[in-house]
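Hi,

Here is the structure for your files. My notes follow below it.

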Amino acid sequence: MIRVQFEDFDLGNELAQMTRDNHAIGGLCSFVGLVRDMAGGDDISAMTLEHYPGMTEKALSEIEAEALERWPLDGTLIIHRYGRLEPGDQIVLVAAASAHREAAFEACHFLIDWLKTKAPFWKLEDTPDGGKWVDARDSDDAATSRWDKKQPAAE
Amino acid sequence: MKLLYFAWVKEKTGTSNEDFTLPDGVATVAQLIDVLKERSSGYSEAFSDHSVLRCAVNQEYVTLEHPVSGDDEIAFFPPVTGG
């Protein structure tokens, strides 16, 4: 399931709903991203997340579908917020449920790595010098490419 | 066609979306950018550095060599920074 929303989410409730009716699930892995009060030496008083309505939902659905194809999962969840957030606020939740821990860990890691470089969101940070758009990081591209499918070895 | 702009691209063009008539002879995203750059100093600045510009045609990421047509929805924005 994917959700793009301004509202905050309750981590406990969200995870409980993923497993409540499926007792074949043996492992549930989640990641929550939070707004920090510092970035690149600047004090951050708030962050505004902009996104591309329509394409965002499409991109997140494709990322979720890719995870479901790669791992034996019993459920996935992506919630991403937009709008004005403050330090300590939750930005994003990704979670993956499976019979065993390995698929849950890997799929959760995959979901957040792919989301960071493929979902059309942009962050504007409020700093003492005014608003600054966050630059994409090479390390995020590297984290995404870790999940590139290996090409079959040449014969 | 419909043009959409996000993040600092939107700030430089001064608009988030607009209807645009595809001029004759414009067949690719790169050619469309060349036309848009001529519209104002803001547009020129928004489209000056292709290395920090990303494009989606009908909500799919494309390269600047991708073809465009009159009824496309085309979005321009910086590299994404969600998560």
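This is a predicted model: local features need pLDDT of at least 70, side-chain atom pairs count only at pLDDT 80 or more; totals for chains, interfaces and linings use all residues.

Which residues of α3(A) are buried? The list includes A:A103, A:A104, A:A107 and A:C108. Further along come A:F110, A:L111, A:I112, A:D113, A:W114, A:L115 and A:K116.

The helix length checks out. α3 of chain A covers residues 101-118, 18 residues in total. At 1.5 Å a residue it should span 26 Å, and its end C-alpha atoms are 25 Å apart, so the two agree.

Now chain A as a whole. It has four helices and ten strands. The order from the N terminus is β-α-β-β-β-β-α-β-β-β-α-β-β-α. Of its 155 residues, 32% count as buried. Contacts in chain A with a separation of 6 or more are 75% between residues 24 or more positions apart.

On overall size, the C-alpha atoms of chain A fill a box of roughly 50 × 45 × 30 Å along the principal axes. The radius of gyration is 17 Å; a compact globule of 155 residues would have one near 15 Å, so chain A agrees with that.

Last, the contact between the chains. Chain A gives 20 residues and chain B gives 13. On the chain B side, α1 (7-13) and β5 (73-77) each supply at least two residues. By class, that side has nine nonpolar, four polar and no charged residues.

Best regards

Key: Residues are numbered from 1 along each chain as its sequence is written. Chains are lettered from A and ligands numbered from 1 in the order in which they are written. The radius of gyration is taken over C-alpha atoms; the globule rule is 2.2 Å times the number of residues to the power 0.38. A residue is buried if 20 or more other C-beta atoms lie within 10 Å of its own, exposed if 12 or fewer, and partly exposed in between; C-beta atoms are placed from the backbone. Two residues are in contact if their C-beta atoms, placed from the backbone, lie within 7 Å. The expected span of a helix is 1.5 Å times one less than its number of residues. Ala, Val, Leu, Ile, Met, Phe, Trp, Tyr, Cys and Pro count as nonpolar, Asp, Glu, Lys and Arg as charged, and the others, Gly among them, as polar.
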